[in-house]
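Dear colleague,

I am handing over the structure below, and my notes on what was found in it follow.

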Amino acid sequence: MKPFAWALAAGFAAAFALAGGAAAQQASAPIVIKFSHVVAKNTPKGEAAEYFRKLAEERTKGRVKVEVYPNSILYKDGEEMEMLQIGAVQMLAPSLAKFGPLGAKEFEVFDLPFLFDDYASLHKVTEGPVGQALFKKLEGKGITGLAYWDNGFKVMSANRPLRMPADFKGLKMRIQSSKVLDQQMRDLGAIPQVMAFSEVYQALQTGVVDGTENPPSNLEVQKYVVVSNHGYLGYAVIVNRKFWSGLPADVRGELESAMKDATRYANEVAKKENDDALEAVRKSGRSQVSVLSAEERAAWKKALLAVHKEQGARIGRDTVEAIYKATGFDPGKN
Ligand code: LMR
């Protein structure tokens with residue numbers, strides 16, 4: 001055989017081997033899931049995201065690589081939903097208070113004040129048919145809902161003591177992008193300011209806002225903190241619908257089982273993380289922490305009842321009534 005033919009053959013063999021190798025390498029390139037979120041790693045969501053990453057990579061034996069981007073380093077509030085819809089990122093876990101701008105205002109039902117007494121009443125919704133019905137509202141937006149992850153019950157913080165609704169008068173209070181929270185603050189006499197989470201610390205430091213609300217695990221240091229538990233903050237883990245349905249069935253199966261266990265983990269650590277965070281605030285001595293008395297709590301509830309009536313109509317009576325039924329909440333009685 002002539003040398004060129006040998007070279008050609010050798011070349012083919014090499015190219016073939018390379019192609020085979022490359023194809024094998026190509027075929028074995030891991031499927032990458034970019035998971036972006038806006039909070040720190042050492043928070044309920046931050047730890048659950050890491051736990052999901054570990055399980056997903058283990059159970060798919062490396063066929064999937066999960067890249068977690070915390071602290072808004074990849075996308076911040078107001079950007080991440082759109083990036084999910086165009087497939088620039090594959091997974092998010094936004095707060096349930098941030099679905100309104102996407103056109104899924106029903107999720108703002110979770111923001112209704114004093115709706116959930118505790119995690120047990122909340123789980124009747126997030127682990128029940130109402131939670132699944134809400135996920136259906138995302139399908140038409142190119143999004144698939146996978147799970148609900150807990151964070152916790154919100155406290156209020158500000159640069160002055162907050163005991164009675166009148167104490168909120170004229171305060172600029174940071175909120176998430178929810179119309180329910182907007183009315184909640186207005187009905188307390190405050191001025192609501194929608195702001196990305198990544199901007200809250202600076203805004204509190206510079207006085208752009210006077211205060212905010214969040215579970216203790218998300219709280220920035222402020223002089224006064226009142227344990228009001230006046231509302232709940234939790235998450236929906238969502239994925240790009242086309243990406244998820246396009247996964248090999250066995251891989252998707254492993255990811256679903258990893259998500260199930262990560263959800264159990266998330267809901268196990270949420271309460272403890274918030275209790276520990278509140279204890280750390282108390283111990284820091286940098287904040288005066290108070291707890292609403294029964295009278296003060298009744299005054300807050302009275303001031304915020306209208307939110308249920310007016311926002312309930314906007315969110316959609318069927319969703320609100322379904323949650324009242326599931327939790328036994330009676331706006332007239334409470
Ligand atoms: C907030 O914006 O305050 C929270 O939703 C942040 C988060 O994701 O917990």
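Which residue has a side-chain N or O atom 2.7 Å from an oxygen atom of the ligand? Asn218 does, a polar contact in the sense of a pair of N or O atoms within 3.5 Å. A polar side-chain atom of Lys98 also lies 2.7 Å from an oxygen atom of the ligand, and for Arg174 a side-chain N or O atom is 2.7 Å from a ligand oxygen atom.

Please keep in mind that this is a predicted model, in which local features need pLDDT of at least 70 and side-chain atom pairs count only at pLDDT 80 or more, while totals for chains, interfaces and linings use all residues. Residues are numbered from 1 along each chain as its sequence is written, and side-chain values use heavy atoms, with hydrogens and water left out.

The residues around the ligand (a heavy atom within 4 Å of it) include Val38, Lys45, Phe197 and Tyr235.

As for the core, the largest nonpolar one (buried Ala, Val, Leu, Ile, Met, Phe, Trp, Tyr and Cys residues joined through side-chain atoms within 4.5 Å, buried being under 20% relative accessible area with a 1.4 Å probe and protein chains only) has 54 residues, and Phe99, Phe107 and Ile238 are among those that touch the most other members. A second, separate core of 27 residues includes Leu55, Val66, Leu233 and Val237. Leaving aside neighbours within four places in sequence, Phe99 is in contact (heavy atoms within 4.5 Å) with residues including Met81, Leu138 and Ala236.

Best regards

Terms used: Buried < 20%, exposed > 50% of the residue type's maximum accessible area, 1.4 Å probe, protein only. Polar contact = N/O pair within 3.5 Å; in protein donor to acceptor, adjacent residues only side chain to side chain.
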